[in-house]
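Trainee: Please walk me through this one, and spell out each term when it comes up.

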Amino acid sequence: MIYLVGSGPGDPGLFTLRGLECIRKADAIVYDRLAPESLLQHARPDAEKIYVGKRPGNPSMSQEEINALLVELGRAGREVVRLKGGDPFIFGRGGEEALALRAAGLPFEIVPGVSSGYAVPAYAGIPVTHRRLAASVAFVTGHEDPTKEHSDVDWDRLARGADTLVLFMGVGRLREISEALITGGRSPDTPVACIRWGTRPDQRTVTGTLEDIAERAREAELKPPAITVVGEVVSLREELNWFEERPLFGRRIVVTRARAQAGELSRRLSALGAEVIEFPTIEIRPPRDFGPLDEAIRELESFDWLIFTSVNGVDAFCERLNHHGLDLRSIPKEAKIAAIGPATSRRIEERGLRVDVVPEEYRAEALLEEVGGSSLSGRRVLIPRAKVAREVLPERLREAGAEVVVPPAYEAVPAAGGSERLVELLEKGAVDCVTFTASSTVENFVRAVGGSAGRLLENTRVACIGPVTAGTARRHGMRVDAEAGEYTIPGLVDAVRELLTAARTI
């Protein structure tokens with residue numbers, strides 16, 4: 001089966017559930033320039049990914065070659081996704097590809113996508129219809145097949161035939177199109193908006209009228225891809241512009257957390273309008289030797305305290321219990337459980353256990369005060385955590401008389417590769433902020449960029465989740481611009497928001 005899938009206008013959140021199902025089972029994915037590359041993360045690790053994108057004036061593969069490629073892959077018996085920007089059947093040439101597949105006798109399915117024709121204007125605060133201003137809308141190509149002798153677009157009729165015109169791929173012909181519409185009877189004062197990379201964090205909007213939009217777009221150096229909206233509905237943008245008014249809109253922020261844990265931070269920053277670049281400096285893996293953890297599990301009934309310092313520690317410990325056919329019910333009822341941070345506490349409670357102690361300040365030193373000193377004499381304490389971590393907590397507990405067992409439950413190892421693009425962006429000053437959620441992310445960031453982190457971040461703001469992480473950053477020559485007041489992901493997001501919105505007003 002070959003699936004012709006519309007990827008939507010650019011925001012991955014607008015992708016359809018059916019499209020996601022197709023990507024997850026595909027043997028091969030053929031994608032173009034306008035399809036969000038982040039969608040490829042949902043593909044199987046062994047899926048072949050083939051880029052067939054075209055750039056204005058520089059086609060990398062002709063449409064005939066793409067058709068032939070789809071036929072070739074289909075005849076090889078592979079499950080294929082042809083991932084296209086927007087909707088396959090709205091100026092997406094999906095009809096041509098479907099006809100080629102039909103001619104070859106191959107089965108196909110059309111998976112519609114959210115069209116740029118109405119989604120991009122919506123993200124610019126422009127409804128393409130409005131009861132008071134527009135009862136009709138026309139979608140028009142602004143870039144026809146250059147080999148045709150005559151244009152199929154009747155601009156005279158369109159000028160009078162629809163209240164709102166939405167032009168695809170016409171930014172390069174704005175002057176010609178505007179003059180044709182005015183000649184056809186449209187008022188030169190008709191509001192117009194050109195929206196580049198709509199629905200994405202780097203969305204840009206230029207507004208004007210039919211009389212001056214071409215000059216305004218030229219002065220703004222607006223390039224394809226862009227959607228142009230012509231009509232009175234454009235006047236509503238001043239009141240309805242929601243997307244570009246978000247507090248972190250247009251800001252590019254790097255998240256250095258491990259990919260598996262980056263989701264919450266990335267989502268919260270994206271929701272505030274930021275363009276998030278995930279650069280996982282660490283990768284969470286099982287420990288090389290499960291021996292110490294297995295021994296602790298066998299002696300689980302002997303422990304008086306279980307202390308979890310991270311969500312990763314909770315997950316790794318529970319996975320190992322499950323490996324032995326056990327679960328958290330194996331923990332003795334008399335044992336007390338402590339967690340550093342609300343996220344760790346929530347994860348424990350999600351597993352069905354009550355947490356006895358969560359320090360107000362989310363770090364090891366504060367936990368020591370909560371657990372108590374003299375009462376620990378002769379007590380056994382289990383801390384399943386990363387193989388390499390700060391020794392403050394175990395050492396202080398031992399000083400208080402406790403017997404402390406610290407088996408590695410997981411390893412946080414440096415993530416491989418991918419630093420070239422980030423280094424290039426940092427050197428250009430194209431990153432507004434880099435975030436660090438733990439000392440290990442700082443250490444591995446420095447390792448990934450070659451030890452020149454301080455110099456590389458001279459013109460980029462740095463935000464850390466707390467004083468321990470900030471201290472590590474400073475030891476590596478970084479200037480720390482913001483520390484979270486609450487050492488949590490929401491606290492870090494608040495710190496970044498305050499930092500960057502304050503910078504915008506200066």
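Mentor: Contact means heavy atoms within 4.5 Å. Residues are numbered from 1 along each chain as its sequence is written, and side-chain values use heavy atoms, with hydrogens and water left out. Keep in mind that this is a predicted model, where local features need pLDDT of at least 70 and side-chain atom pairs count only at pLDDT 80 or more, while totals for chains, interfaces and linings use all residues.

Trainee: Leaving aside neighbours within four places in sequence, which residues is Asp315 in contact with?

Mentor: Asp315 has its place in helix H11 (residues 311-323); helices (H or I, at least four residues) and strands (E, at least two) are DSSP runs, numbered from the N terminus. Its relative accessibility of 16% makes Asp315 buried, where buried means under 20% relative accessible area, exposed over 50% and partly exposed in between (1.4 Å probe, protein chains only). Once the neighbours within four places in sequence are set aside, the contacts of Asp315 are Arg347 and Arg351.

Trainee: What is the distance of the polar contact that joins the side chains of Asp315 and Arg347?

Mentor: A polar contact is a pair of N or O atoms within 3.5 Å; within protein, one must be able to donate a hydrogen and the other to accept it, and residues adjacent in sequence count only if both atoms are side-chain atoms. For the side chains of Asp315 and Arg347, the value is 2.6 Å.

Trainee: Which residue's side chain makes a polar contact with the side chain of Gln63?

Mentor: Look for Gln63 in helix H2 (residues 63-75). Gln63 is buried too, as its relative accessibility is 4%. At 2.9 Å, the side chain that Gln63 meets in a polar contact is that of Glu97.

Trainee: What separates the C-alpha atoms of Ala386 and Tyr410?

Mentor: Ala386 belongs to strand S19 (residues 385-386), and at 10% relative accessibility Ala386 counts as buried. Along the chain, Ala386 and Tyr410 are 24 residues apart, yet the separation of their C-alpha atoms is 5.0 Å.

Trainee: Which residue in S6 does Ile2 stand opposite?

Mentor: Two strands pair if DSSP finds at least two bridges between them. S1 pairs in the parallel sense with strand S7 (residues 108-111) over 4 bridges, and there Ile2 stands opposite Phe108. S1 also pairs in the parallel sense with strand S6 (residues 80-84), over 5 bridges. In S6, the residue opposite Ile2 is Val80.

Trainee: Which strands stand at the edges of the sheet, each with a single partner strand?

Mentor: This open sheet has 5 strands with parallel pairing, in the order S14-S13-S22-S23-S24. One side of each edge strand has no neighbour in the sheet, because each has a single partner, and these edge strands are S14 (275-278) and S24 (482-483).

Trainee: What is the angle between the planes of Phe243 and Phe249?

Mentor: Rings of Phe, Tyr and Trp (its six-membered ring) pair if their centres lie within 6.5 Å; planes under 30 degrees apart count as stacked, over 60 as edge-to-face and the rest as tilted. The structure holds 10 aromatic pairs. Phe243 and Phe249 make up an edge-to-face one, 5.5 Å centre to centre, with an angle between the planes of 70 degrees.

Trainee: Which residues do ring pairs link into a cluster?

Mentor: Phe243 is buried at 2% relative accessible area, and Phe249 is buried at 13%. Through ring pairs, the cluster links Tyr123, Trp242, Phe243 and Phe249.

Trainee: How many helices and strands does the protein chain have?

Mentor: Zooming out, the C-alpha trace spans about 90 × 60 × 45 Å along its principal axes. Of the 506 residues in the protein chain, 51% are buried. The tally for the chain is 19 helices and 24 strands.
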